[in-house]
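Open the model in your viewer and keep the selection tool ready.

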Amino acid sequence: MNTPDATKTLSFFHSTLTRKLIPLFATVVACFFTAVKANAASSHPAYLDNAYCESVVEQFVDSGMRSLGKYINENFKPEYKGGIRNTINFLNQRAEWLGECDSYLKDTADSRVFYDEKNTKDIFEAIDALAKELQLVREGVEYPDAAGNNNPRPFVKSRFDTLAKLVDQHHTRMLMKKQFR
């Protein structure tokens, strides 16, 4: 009677089992990560998706910044509190929308709303700083210039210029990214 060699049989059995288990293991791992992302996505409102978030960013970067620039550079008048209030509301609303998208993208796509974490943080801080500066003007804080007149325009413009520079950097990166797709 010929008895099979146990080391060869075990090796054959082990390699066959391994070939069957590796795809199974890979499937289990993929399902786990899909479930984690699905769970993260389910904690966000149903209307959030990559296309929606991209459109929110595009609107802010394009027409939103253009409108904000026109207001700050041409129409800003400290004595008109309603326009300042509307601009603060605009900034707060856009920051909320962008923040919601940033949270969604961070959880589901492992990306950020503005290029990377540092730029996203910087842009949100600049939006907040501009809104706070406008709120101070609205509350009647005095900004005396060299002649002693109340002139908040250079302070507000400086905050806007910081935001515009950061948003322009993001916009340039996005255009370059689209160019090389």
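Select α3 first. Its 28 residues should span 40 Å at 1.5 Å a residue, and its end C-alpha atoms are 40 Å apart, which agrees. The expected span is 1.5 Å times one less than the number of residues. Helices are DSSP runs of H or I, at least four residues, numbered from the N terminus.

This is a predicted model: local features need pLDDT of at least 70, side-chain atom pairs count only at pLDDT 80 or more, and totals for chains, interfaces and linings use all residues. Residues are numbered from 1 along each chain as its sequence is written, and side-chain values use heavy atoms, with hydrogens and water left out.

Next, colour the buried residues of α3, among them Ile84, Leu91, Leu98 and Leu105. Buried means under 20% relative accessible area, exposed over 50%, partly exposed in between (1.4 Å probe, protein chains only).

Now centre on Leu98. Beyond its neighbours within four places in sequence, Leu98 contacts Val56, Val57, Phe60, Val113, Phe114, Phe124 and Ile127 (heavy atoms within 4.5 Å).

Then turn to the rings. Five aromatic pairs turn up in the whole structure. Rings of Phe, Tyr and Trp (its six-membered ring) pair if their centres lie within 6.5 Å; planes under 30 degrees apart are stacked, over 60 edge-to-face, the rest tilted. Show Tyr71 and Phe76: centres 6.0 Å apart, planes at 85°, so edge-to-face. Both residues, Tyr71 and Phe76, are buried. Finish on Phe60, Phe114 and Phe124, which ring pairs link into a cluster.

Definitions and conventions. Helices (H or I, at least four residues) and strands (E, at least two) are DSSP runs, numbered from the N terminus.
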